[in-house]
Amino acid sequence: MELKVTSTTEKLNNNDKVRCNARCLIPPFVLCNSINEQPLNLKSKNAPTGSIQEKDVTNRTTPSKLDDPKPTADTKLPLNGGLGDNSDDTNTEVTYFSLLRSNRNFRLFLMSYIVAHLGEWLTYLASMSAIAEIQNEQIGNVEGDSSSRMAISLLIVIRLIPNILLSPIGGALADGRDRRHIMMGLDVCGSLTALLFMFAFHQRSVPLIYLATFLQECVAGLYEPSRSAIIPLMCPGDEEMKKATTMAGVAWSVIAAFGSAAGGFLASLVGIHGCYKMDVVTYLVSAALMFSVGGSWTVEEEREKPSGKAEQNMVIQGISYLRNAFFGGLIFLKASVFIISGANDVLYVSYSERGPPDYQASRLGMLFGSIGVGSFIGPLLIERFNDMDNPRVIQSLCLVGFVVMMVGCLMMGALTSFPLILFSSAFLSMGRSVVWINSSLLLQKFCAPEMLGRVSSIEYSAALLAEGVSAVMAGFLQDRFNVSANNVSLLQGFGCALLLTAWSFYHFSGGGATYDALDKDDSSTVSLTEQEDSSSVSSTDIEADADTSALLLTPHCMEVV
């Protein structure tokens, strides 16, 4: 008997009876036109030369006894959609330098990423300075008070709302369209929004700055899922993907450190107008770099472009996919980080006000720069411990990150010296970056490639929502209850302790990467005896969830009877 499934949406033969465990969902790389035919094509047409995608996918992703229509309990399936298994990879060690040297597409992408985010940092700092300057003119407040903190808190919230609302749509676009084209088009749109900042500052209008910020972040909300989801296509191997993800995180850190430290200097050198002009240029340069990448970067070579209702259905499918996936809870790792650290932007304004007013902007820049320094050091320290073949270790490192965050928050709350506050901020950021990068690696490891855009967008929206709540709460506690910045930092430390306890329970109770069937010492499959005890699934039931169930990564196998 043959199990014929030519795509995730085609019907199973009504005469076939499939019996499987409730979690036994068909990975896309197992679905074939027949047992002896090639698996579905889920790769980009532009895999870098010599990459894993150019190898024989069948030999790498299919079970060892695929010619047997009845897989045995010893049959093992790869953990990630078939794009990241290095079992048959060459013995050449992947380094950061070799990846940049040999992978032109990723090299251009990384340059585009650095240029675009440098412009965004300059705009963010320039907007904060512009709001403070305009308010000082209006109310004569030269040293800052609660109204300026609330205005900055409002700026932070306005930056987050579009990302929260539009990221799921951006995820559907990333999974259904060419990710490179999306990034180029949105870069051009971003350059137009940067022009609105110049007009708003010329009019000395805080509401117009808020409007420009909202439109710019609408672009960012649609852009981010494509940016994060294109990395596995450019670097499909496990080691390549790990290095590329770490390098992107380190690049963000360098931008944060340099952009924050240089933001005040550039604002004084070229003026706030000059910062906005530089942002226009960075958007256009970013688009030009992605144009140089060339080619088509879709998950599947032949996919009908979704629109309207179809994209809405894709978002719903993404949510359904995560609800049934064993790793679904991992999307809240970043949200857990930002429910704590999201308050720091508001707290840094308070910390920067301690001292001579003439140097407040410099102190604020140094505080934001400490984020970049800590985020740069953290991933490099733990990179040697990351093992893509053992995701349990990667998830354990996330717990280490929460411990570091907790210590950093408690130090910041207990210390009053500005240099020590800078050190505490950098230490906290080390833990935050460790959780951020390792949570990204886990999702890239487990998630099916054609669902990664939607999964990343849902994760990103949850993180930004948490950041907004944290920022508002920090401003509210300071302005309404006169809670000092140090005491808010202590509350952050206690919150970290609670989150560390919750995620430790998740980890040690078999959640996410510690899911029992993923244990190498046990087996990545469930015995046929256990499958026999589960209720059978009819072909009609499988058809109902074909778009999502066939994509779900599973350590279980199927028995066709």
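Mentor: Phe197 and Tyr276 are both buried; buried means under 20% relative accessible area, exposed means over 50%, and partly exposed lies in between (1.4 Å probe, protein chains only). The model is predicted, so local features need pLDDT of at least 70 and side-chain atom pairs count only at pLDDT 80 or more, while totals for chains, interfaces and linings use all residues. Residues are numbered from 1 along each chain as its sequence is written, and side-chain values use heavy atoms, with hydrogens and water left out.

There are 16 aromatic pairs in the structure. Phe197 and Tyr276 make up a stacked one, with 5.1 Å from centre to centre and 25° between the planes. Phe197 belongs to helix H5 (residues 179–202) and Tyr276 to helix H7 (residues 238–293), so this pair ties together parts that are 79 residues apart in sequence. Rings of Phe, Tyr and Trp (its six-membered ring) pair if their centres lie within 6.5 Å; planes under 30 degrees apart are stacked, over 60 edge-to-face, and the rest tilted. A helix is a DSSP run of H or I with at least four residues, numbered from the N terminus.

Phe326 and Phe446 have ring centres 5.2 Å apart and planes at 65°, so they count as edge-to-face. This pair also links distant parts of the chain, 120 residues apart: Phe326 sits in the loop between helix H8 (309–324) and helix H9 (333–341), and Phe446 in helix H13 (residues 418–446). Phe326 is buried because its relative accessible area is 8%. For Phe446 that value is 0%, so Phe446 is buried too. Ring pairs join Phe326 and Phe446 with Tyr321, Phe327 and Tyr515 in a cluster.

Helix H13 also holds Ser424, which is buried because its relative accessible area is 0%. Leaving aside neighbours within four places in sequence, Ser424 is in contact (heavy atoms within 4.5 Å) with Gly408, Met411, Met412 and Leu415. From Ser424 to Ile371 is 53 residues in sequence and 9.9 Å in space, C-alpha to C-alpha.

Helix H7, which holds Tyr276, is also where Lys242 is found. Lys242 is buried, since its relative accessible area is 4%. Residues up to four places away in sequence aside, Lys242 touches Glu383, Asn386, Met388 and Leu441. Charge pairing comes in here as well: Lys242 is linked with Glu239, Lys243 and Glu383 in a network of salt bridges.

The structure has 10 salt bridges; each is a side-chain nitrogen of Lys or Arg within 4 Å of a carboxyl oxygen of Asp or Glu. In one of them Arg204 pairs with Glu133, the closest N and O atoms being 2.9 Å apart. Arg204 lies in the loop between H5 and H6, and Glu133 in helix H3 (residues 104–139), so the bridge ties together parts 71 residues apart in sequence. Arg204 is partly exposed because its relative accessibility is 27%, and Glu133 is partly exposed because its relative accessible area is 32%.

In another salt bridge, Glu217 and Arg159 have their closest N and O atoms 3.8 Å apart. Here distant parts of the chain are linked, with Glu217 in helix H6 and Arg159 in helix H4 (residues 146–176), 58 residues apart. Glu217 is buried because its relative accessible area is 9%. A further bridge joins Lys334 to Glu459, with 2.8 Å between the closest N and O atoms. Lys334 is in helix H9 and Glu459 in helix H14, 125 residues apart, so the pair links distant parts of the chain as well. Lys334 and Glu459 are both buried.

Arg204 also has a phi near 55°, a positive value in a residue other than glycine. Asn482 has a positive phi of about 55° too, although it is not a glycine. Asn482 is placed in the loop between helix H14 (452–480) and helix H15 (485–508), and counts as exposed because its relative accessibility is 66%.

Last, the confidence. The mean pLDDT (the predictor's confidence in each residue, from 0 to 100) is 75, and 69% of the residues reach 70 or more. Where pLDDT is low, the predicted coordinates should not be read in detail.

How values were computed. Helices (H or I, at least four residues) and strands (E, at least two) are DSSP runs, numbered from the N terminus.
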